[in-house]
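I opened this model to look up its strands, its helix packing and its chain contacts. My entries follow in the order in which I made them.

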Amino acid sequence: MATTYKRKPTKAEIRREQMEAAVMYPIDWLEERSGLVGGVKYFLFRNVPSDINWMQTLGSAALTAFLVQAITGVILAMYYTPSVQTDPATGQPVAWESIRHITDDVTMGWLVRGMHKWGASVFIILMFLHMGRVFLFGAYKYPRELNWIVGVLILVMGLMEGFTGYLLPWDQTAYWASVVGINLNGTAPFLGPWLAQFLRGGQEIGGETLTRFYSIHMLLIPGAIIGLITLHLYLVIRLGVTSPPWSKEAAGMEPAEDGHAPLRPGLTRPVTRNGNGIAAQGEPGGQK
Amino acid sequence: MAVVQQPKEKPSRTDENRAGFARYKEDVKKRGKPFYPYAMFHDTVMSLVVVAVIIGLAAIWKWSSFGPHHDGTNPGLLGPEYDAPADPGTTSFVPRPDWYFYFLFYLLRIFKWPESVFLGTVGVPTICLLLLIGLPFLDRRRERRPSARPVAMVAGALTILSMGVLTWKGATANEALASEVIRDVPRWIQQENLPPAAVPGAKLFATSGCTACHTYAGSGGSNLGAPDLTNIASRNLGIATQVKHLRNPSSVTPGSPMPSFASLGDARLHQLAIFLESSHGTH
Amino acid sequence: MQPEQPSPENQHEEAHLPSPSVYPIGFAIGIVVILVGLVINPELISSIGAVIALVFGFLWARDATRDLRGEPVAVEPERREMVEAGAGETAPPADQQGVALPVVPETAVTRSHFLEGATIGLGAVIGGLITVPVAGFALLPSFLGQKQHKVDLGPVDKFPIGSWFIATFIVDPAQGEVSRRAAFVRNNGSVTDPSTKKQVPSFTIISNRCTHVGCPTQANGPQGPTLGKPTIKEHTANGPAEFVPVIPAGYGCPCHGSQFDTEGNRTAGPAVRALDRYGFEINHGRLVLLSTYSVSHVVGTGGQAQIYKYKSTGPGQHVDGPEAWFYPLQPPHH
């Protein structure tokens with residue numbers, strides 16, 4: 001029998017191999033020392049059901065809106081001053097003046113401020129839409145109950161973020177909306193008055209209120225939201241994304257038995273066992 | 001040969017849950033598609049739309065407010081760029097929260113009775129939040145198809161509807177107080193064909209809080225059973241009766257909850273009476 | 001086992017562990033005393049420290065160089081005895097019988113138990129040391145150090161009897177504009193003080209913050225330009241103040257529809273009590289505002305009004321009736 005010799009590689013093929021090796025070298029270096037590359041690959045190339053639809057992009061859309069808020073917020077923080085003292089040069093409160101400065105004087109300041117202001121509304125709308133989609137799909141049921149709870153906490157944190165951020169421009173709408181919001185807390189029985197006084201930083205809304213709302217808005221709640229979002233994403237990756245429940249090819253449907261049409265996901269039917277007491281395929285205790 | 005029928009065993013809910021989830025994982029492994037690029041493409045497109053919307057809103061805000069006259073206090077399509085600085089001693093500002101809190105704001109207006117205030121401020125919102133968090137424990141059925149979850153679908157639809165209605169009503173609520181109503185006077189003059197003699201009375205009517213309880217030509221609110229006054233002149237009460245009523249409402253309408261406006265002084269009461277007796281209705 | 005004699009061959013192979021001694025500690029103490037003495041009293045205390053350091057340093061060096069000088073070093077060997085496990089005791093593993101660890105009753109505090117407890121305990125202590133001051137810093141300042149501020153509104157004669165004004169004034173000059181407040185003020189004329197039987201001026205001074213959730217109420221009545229009277233501006237000790245003439249038939253809140261009469265009593269809406277009032281005093285013929293207090297209701301009008309007073313309470317919180325039990329403890333108010 002004639003031996004087949006491997007054809008000698010062409011120059012182009014050699015170059016290609018060299019380039020691939022050069023690109024893979026740092027990636028392999030990183031992977032060997034951290035395992036992170038493997039994690040990213042798992043995230044990117046894991047399987048999701050083949051019939052997912054556009055409604056299921058609302059979650060990542062909300063994440064994008066949050067990232068927009070975080071980035072624009074960091075930039076705004078470089079120009080904003082949380083002080084209620086009257087600026088002698090302009091006769092206006094320093095905080096209000098810094099916002100006016102951002103809007104009018106700073107290059108593209110109006111864009112960053114506008115994106116942050118409207119991004120807040122978009123973020124909240126997307127969270128509500130995402131919550132509605134999850135409710136519609138029944139994707140809060142086993143095993144995703146914890147993820148639902150984490151999601152509700154993110155929603156509450158998002159609303160609190162909006163509330164604390166609303167005070168920062170220190171204009172009339174900001175001031176009075178915050179007066180009402182803090183006093184609402186004050187009507188809670190027993191601890192309400194103490195909570196309201198803590199939020200205010202004293203008996204009346206003043207400079208302390210603005211600085212602590214700034215601290216809560218910039219540090220406390222973003223930290224909490226980032227932690228919760230991380231947990232939320234981890235659970236989504238671990239538990240998987242559901243198919244639309246009305247889909248004909250939904251992942252996780254019960255298999256056909258005895259010639260019947262396949263059942264839709266989630267439908268409960270008493271599991272029958274044949275005469276030998278052996279469970280049918282796909283049932284609990286049955287063979288896979 | 002007789003076949004002995006084994007009794008049907010019903011597996012526990014936990015077992016069914018776990019089996020269902022195992023089936024799902026298996027299905028996704030066999031029939032699923034990789035997240036990148038299929039799902040991630042959808043996510044990327046949607047994210048692009050979101051960023052474009054945010055930038056678009058910011059741009060519209062800027063150019064419709066500041067653009068026309070280079071004045072950031074001009075309202076424009078999306079509101080003014082900036083508002084007056086905080087004035088804790090104001091007596092003419094109408095506070096409103098950010099739009100996504102309008103439903104809570106209107107809830108406070110629904111709970112009008114002083115004894116029920118804490119329900120509107122903390123009671124109802126807390127209960128709703130607890131129900132929301134506890135949803136997976138209230139609904140433990142495995143069924144996910146909307147067509148087979150009537151309770152969930154009805155509850156969801158009712159929630160969305162009520163939040164929407166509360167938000168809209170919160171957005172359109174106005175308290176009809178002096179600082180707002182004074183701007184309606186030119187429209188009243190035009191719609192009711194008010195003669196010049198009635199204008200001072202119209203301004204007094206707008207700023208004296210009458211519209212807190214009375215409606216007039218589309219302004220104001222109805223409270224405490226106060227009648228609409230758009231065409232009060234058609235009742236032909238006459239100037240003298242109007243003045244007497246304003247001075248002491250209970251003397252003309254026994255048991256009326258309307259407060260006395262005698263403090264305005266006779267001259268102003270007379271102007272108000274002229275205004276009221278000129279109000280024959282809008283055309 | 002016999003203690004091994006340190007011989008030139010094996011003294012580099014084994015770790016040499018002399019028996020513990022106090023000399024290094026003494027030396028360290030000597031150094032510390034030298035340094036402290038440099039600060040306090042160089043001649044006396046540093047000298048003492050130097051002596052201590054030298055003595056202990058010499059002894060320590062002598063001890064540490066023992067084997068270099070060829071003297072035998074007494075090294076205590078670990079004693080491992082073979083015993084059978086008794087009741088309630090751990091038997092050493094069979095393969096370690098030759099070098100078994102000392103037998104320890106299971107109920108004794110082993111080294112690992114002690115370390116576990118110490119780690120958690122010390123962690124708790126550190127946590128407490130950090131958290132308590134920080135929490136105190138975060139929580140306490142909101143509640144302590146609240147001061148009363150007096151507001152001088154001007155001579156009593158500047159307020160015509162029976163005329164209402166919407167007064168805006170600064171409460172705390174140190175805080176500036178952020179402490180501006182508004183009140184509805186009327187001079188009621190003179191009344192007889194029941195205790196001194198003298199004529200004293202009487203004012204009705206009503207805070208404009210609604211008692212539902214604190215929105216700014218407005219006067220229901222013509223004011224300023226509609227009334228045709230000018231606004232009076234004054235420079236008080238606390239800062240600029242304004243007085244706008246008004247003829248109110250009552251006060252109304254733009255937020256949720258509460259209405260109040262001219263004495264501040266609630267007539268409609270979700271407000272839970274009458275409007276708060278400012279206490280006042282007359283100081284050299286000038287009207288001076290004191291702290292606010294809460295009012296459940298007012299009977300009568302003007303100088304003859306009977307005001308049912310309560311400690312200053314936040315908006316939305318009942319001061320009387322069964323719901324007052326929801327708010328038993330108020331934060332300290334000046």
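I began in chain C. Strand E9 (residues 259-260) of chain C is joined to E10(C) by 2 bridges, and the two run antiparallel. Phe260(C) stands opposite Arg266(C) in E10(C). Strands here are DSSP runs of E, at least two residues long, and helices are runs of H or I of at least four residues, both numbered from the N terminus. I count two strands as paired if DSSP finds at least two bridges between them.

A note on the source: this is a predicted model, in which local features need pLDDT of at least 70, side-chain atom pairs count only at pLDDT 80 or more, and totals for chains, interfaces and linings use all residues. Residues are numbered from 1 along each chain as its sequence is written, and chains are lettered from A and ligands numbered from 1 in the order in which they are written.

Next I followed the sheet. It is open, has 4 strands in the order E5-E8-E9-E10 (chain C), and pairs antiparallel. Which strands stand at its edges? They are strand E5 (218-219) and strand E10 (266-268) of chain C; each has a single partner strand, so one side of each is left without a neighbour in the sheet.

I then turned to chains A and B. I find 80 residues of chain A in contact with 73 residues of chain B (contact: C-beta atoms, placed from the backbone, within 7 Å). H5(A) gives the most to the side of chain A that touches chain B, with 13 residues. That side has 46 nonpolar, 25 polar and 9 charged residues. In this count Ala, Val, Leu, Ile, Met, Phe, Trp, Tyr, Cys and Pro are nonpolar, Asp, Glu, Lys and Arg charged, and the others, Gly among them, polar.

Strands meet across the two chains as well. E1(A) pairs with strand E1 (residues 33-34) of chain B in the antiparallel sense, over 2 bridges. There Asn47(A) stands opposite Pro34(B) in E1(B).

Last, I checked one helix pair. H3(A) packs with helix H2 (residues 35-65) of chain B at an angle of about 40 degrees, their axes 9 Å apart. Axes are lines fitted to C-alpha atoms, for helices over the stretch in contact, and angles run from 0 to 180 degrees between N-to-C directions. H3(A) and H2(B) are therefore oblique to each other (under 35 degrees is roughly parallel, over 145 roughly antiparallel, 65 to 115 roughly perpendicular, the rest oblique). Among the contact residues are Ser60(A) and Val68(A) of H3(A), and Asp43(B) and Ile54(B) of H2(B). The contact divides into 7 nonpolar, 3 polar and 1 charged.

How values were computed: Two residues are in contact if their C-beta atoms, placed from the backbone, lie within 7 Å.
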